[in-house]
Structures are given as C-alpha cells and as structure tokens.
Amino acid sequence: MDLLKGLKPYHLDVLKEIGNIGAAHAATALSQLLNKKIDMNVPSVRLVSFHDLPEQLGEADAKVAAIFLRVEGDAPGSMFFIAQIEGSERLVKHVTKRAEFQLDTPPYDEMGISAFLEVGNILAGSYLSSLADFTKLSFYPSVPEVSVDMAGAILSYGLLPLSQVGDYAIVIDTMIRERLRTNKLKRPISSFT
Amino acid sequence: MNATVIKVGMADFKIATTLNTIRTSGLGSCVGIVIYDDRKLIAGMAHIMLPTSGLNKQEKINVAKYADTAIPALIQRLLQNGASRFTLKAKIAGGAQMFSFSTGNDLMRIGPRNVDAVKEKLEEMRIPLVAEDVGGKSGRTIEFDPNSQLLQIRTVNKGTIHI
C-alpha cells in the first residue's frame, strides 16, 4: 500500500474527528436550508482497496445522484456528495416545491438539477471549510459537476489521480439524515491522501 | 445453465469457463476488456483504470490497473488455462466521460485515452477486436457469457444491449 503504509490507527482517529467536524457543519447548513432537524451519525474511517471500494459503498451499479468536486491546494483530492435517488428527489422537491421532479428517466428538470447541485455545493463547501479551519490547510474546490449514474462509475472517476500512487483509498464515510426518518438521505464521501 | 457469476473488481482481472459468466460493475472512464477463445469457450475479463503503466508512481505495480500491462497478463493467464493463442478475440466496453470538467487536467479526460490505449495494445498483440461499446457519458455494467460469447452491457438509462 506504498503511500499509506505508515498509516496508524491514531491517524484514522484524527481523520474520523475531521470527518465529524466537517459533517457537523454540513448538517447545520442543510438544517438551515431545509428548516428541518438533521441528524448526523459518527463517521467511520476505513482504508479500502480499489477492488472492494464500489461494493463497500453499496452495489457498484446502483443508480445514485452525485455531486463531484476536485479539490486543489495543500491537500488535493476528490470530494463526492452521493445520494440515493429517492432521497435526492425528496430533497429537490422540498427545496424547489416542484412536486413533479423525478430522477427516474432523463431529461431531468433543469431547475431541479440546478437546485440539487447547489445543495451539494453548500454541503461540500461547509464540510471543506471546516476541514480547512481545523487543519490550517488551503483548499480550492472546483466548480461542482452533477451526474446521475452508477455509483462505481462515478467513484472510479474521482479515484483516478489517487490510483496512480496506490491501490487504496481512505474513505471518510458520513451519514446525515433527516430526523425521524430511517432511510438514509445522503452521505458525502471524501477521499484524501 | 450458468452456475455462478465471477465478479471482477476495479483494477482486477479474472478467468471464466463455460460454467460461469464473468461480470464487472460500474465502469465509468475505466475500460472492461474481454478476451476469449471461441473454440475452447474460455474467457478472461480485465477492468483497467489507466492507459499506461508509465503513470505508475508505486514501487510495486498492479498489472491489472493499466491497459498496457493488463492485456498481456490476461492473455498469459488464458494460455495457462488452455486457450490457444491464435483463436483469441476481444470485446471491449467503457471509457465514458462521466463529468465534463473544462479544466486542462489530462486525467479528467481519461476515458478516451483508456480506449485508445486498449485498442493499441490489442492490435500490437494481434488480438482481433470484434465488438465495442465505448465513449459516451454513461456508466456501464458488463457481463460476458463464454458459451454464447455475447457481452451484455447495461446502463442506467439506455437499458441493456448485447454485442
């Protein structure tokens, strides 16, 4: 695992704490945006080989809605905001008040996609800025892009720069959900090295 | 009757015979390469991520990750399992552009480069490419049946095709 060989449990704990802080900020942002109570659970931090990565995050060919940002700066990486289709539809309907919004068959409503992109951007932005505050590192996120497709296809794309130097990714898994609902709404995943 | 589906992960390759089908899920800019012997009914599948091992920055190389190293390794594995060198054929799928970043970063346009690298290597190794479904913007899940020699390709919005 070359680059990640020196990684100790202690380091994973630090990453977990960073993920925690980031998720708390993202949850606050989402809560304000939706005017709803949002729960956040403690993230797990894992070292996962590429072989297993897509399956670890659910089925590799499961359809998801995703926002992807490239992060440049002191610690370049990829940041994903990945949401299940049903959760994304509910989120967009809530924000735009467009009850007919669907992600089942394209073309998707442009206004809805734009709203989804914006929500993803706000969440990723608040996650990233708390990460920057905590680590005193500079991050420059790219303009976000949206894709509704297979989870594995989307994830592998973000893994490309990382795949040149290793076969493992650090997954900081964060779950944010609307209170009193059991199905998961979304989970941002960031892989930084 | 197919007993089991052999799953090929990202940056991975495996072999299947008539008892199995072989599948890889969620190909984005990666390319899925199937090389098979249509007389002996044996097939191998690789899921490559990058075009050339020249991009490798590790000490130890994972040959299944790169087009230029995965194809020779896959052929060798097929020959070890009884395939004959001169009846091998190939089918490929993948190499999509999942996001359309305007940045000059070459890595973000990896899909087409992967496809080119795969085709180049297949030609160099003199393996005829009999079918392909590459490019576009959609992720693909592919499954190959060594019996029928058909490659099934599924996308989330355009249904399923066979090549």
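A:Phe68 and A:Tyr157 are both buried, where buried means under 20% relative accessible area, exposed over 50% and partly exposed in between, with a 1.4 Å probe and protein chains only. This is a predicted model, in which local features need pLDDT of at least 70, side-chain atom pairs count only at pLDDT 80 or more, and totals for chains, interfaces and linings use all residues. Residues are numbered from 1 along each chain as its sequence is written, chains are lettered from A and ligands numbered from 1 in the order in which they are written, and side-chain values use heavy atoms, with hydrogens and water left out.

Rings of Phe, Tyr and Trp (its six-membered ring) pair if their centres lie within 6.5 Å; planes under 30 degrees apart count as stacked, over 60 as edge-to-face and the rest as tilted. The count over all chains is six aromatic pairs. Two of the pairs are listed here.

| Pair | Type | Centre to centre | Angle between planes |
|---|---|---|---|
| A:Phe68 and A:Tyr157 | edge-to-face | 6.0 Å | 80 degrees |
| A:Phe81 and A:Phe116 | tilted | 5.7 Å | 45 degrees |

A:Phe81 lies in strand 3 (residues 77-84) of chain A and A:Phe116 in helix 4 (residues 110-135) of chain A, so this pair ties together parts 35 residues apart in sequence. Helices (H or I, at least four residues) and strands (E, at least two) are DSSP runs, numbered from the N terminus. A:Phe81 counts as buried at 1% relative accessibility, and A:Phe116 is buried with a relative accessible area of 3%.

Ring pairs also link A:Phe68, A:Phe80, A:Tyr157 and B:Phe99 into a cluster.
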